[in-house]
Amino acid sequence: MARAKAAAGTPATVALTAAGIPFAAHPYDHDPSAPSFGLEAAEALGVEPDRVFKTLLADTDLGLVVGVVPVTGMLDLKALAAAVGAKRATMADPAVAERRTGYVVGGISPVGQKTGHPTVVDETAQLFDTVFVSGGKRGFDIELAPGDLLTATDGSYAGIAK
């Protein structure tokens, strides 16, 4: 996979380029009425939905935490809390998520967030050579190796999807 230029200019692509992490940019035509932006991305890009991951923010007693799970599943809040050593987790308010990440809901990337947060990627990402995550705006995904996603987010793997 060739290193893409930061042509899309999102904070995610800028961060990956600056870190020297290879990725592929995948823009697609986004339909705002799509019931699931993640499943829409998988279909538009012609990839298995299990390879496309969504980025969710949770509020824990230790602060905000990022969970990255396949679009085919849901975030297990108890498992996410346990993965970061917190007692509890609830979904973060969307307005808070947008403010703290610098991205809009439906386009939140785990990479290049305005404020860094502990990040946990579901362990199923390791089943694939590359995975797809939001590139920082609706209608734009980036493809990268799961290990590179961990490097870019200073994240860890755990079973956080259900």
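A strand here is a DSSP run of E at least two residues long, and strands are numbered from the N terminus. The model on your screen is predicted. Keep that in mind as you click.

**Stop 1: Ala161.** Select Ala161. You are in the segment after β8 (156-158). Is Ala161 buried, partly exposed or exposed? Its relative accessibility is 30%, so Ala161 counts as partly exposed, between the cut-offs of 20% and 50%. Show the surroundings of Ala161. Beyond its neighbours within four places in sequence, it is in contact with Val69, Pro70, Met74, Asp76 and Asp122.

**Stop 2: His117.** Go to the loop between α4 (94-101) and β5 (119-122), where you will find His117. This residue is buried because its relative accessible area, 8%, is under 20%. Which backbone oxygen does the side chain of His117 reach? Look at Thr115: the distance to its backbone oxygen is 2.8 Å. Leaving out neighbours within four places in sequence, His117 is also in contact with Leu57, Leu64, Val66 and Arg100.

**Stop 3: helix α1.** Select residues 11-19, which form α1. Colour Ala12, Thr13 and Leu16, which are buried. Turn the view to look down the helix axis. The buried residues fall within an arc of 95°, so they line one face of α1. What covers them? Among the elements that do are β6 (131-137), β7 (140-144) and α5 (146-153). Last, step just past the helix to Gly20, which takes a positive phi of about 70°.

How values were computed
Residues are numbered from 1 along each chain as its sequence is written. This is a predicted model: local features need pLDDT of at least 70, side-chain atom pairs count only at pLDDT 80 or more; totals for chains, interfaces and linings use all residues. Side-chain values use heavy atoms; hydrogens and water are left out. Helices (H or I, at least four residues) and strands (E, at least two) are DSSP runs, numbered from the N terminus. Buried means under 20% relative accessible area, exposed over 50%, partly exposed in between (1.4 Å probe, protein chains only). A polar contact is a pair of N or O atoms within 3.5 Å; within protein, one must be able to donate a hydrogen and the other to accept it, and residues adjacent in sequence count only if both atoms are side-chain atoms. Contact means heavy atoms within 4.5 Å. The arc is that of the directions from the helix axis to the C-beta atoms.
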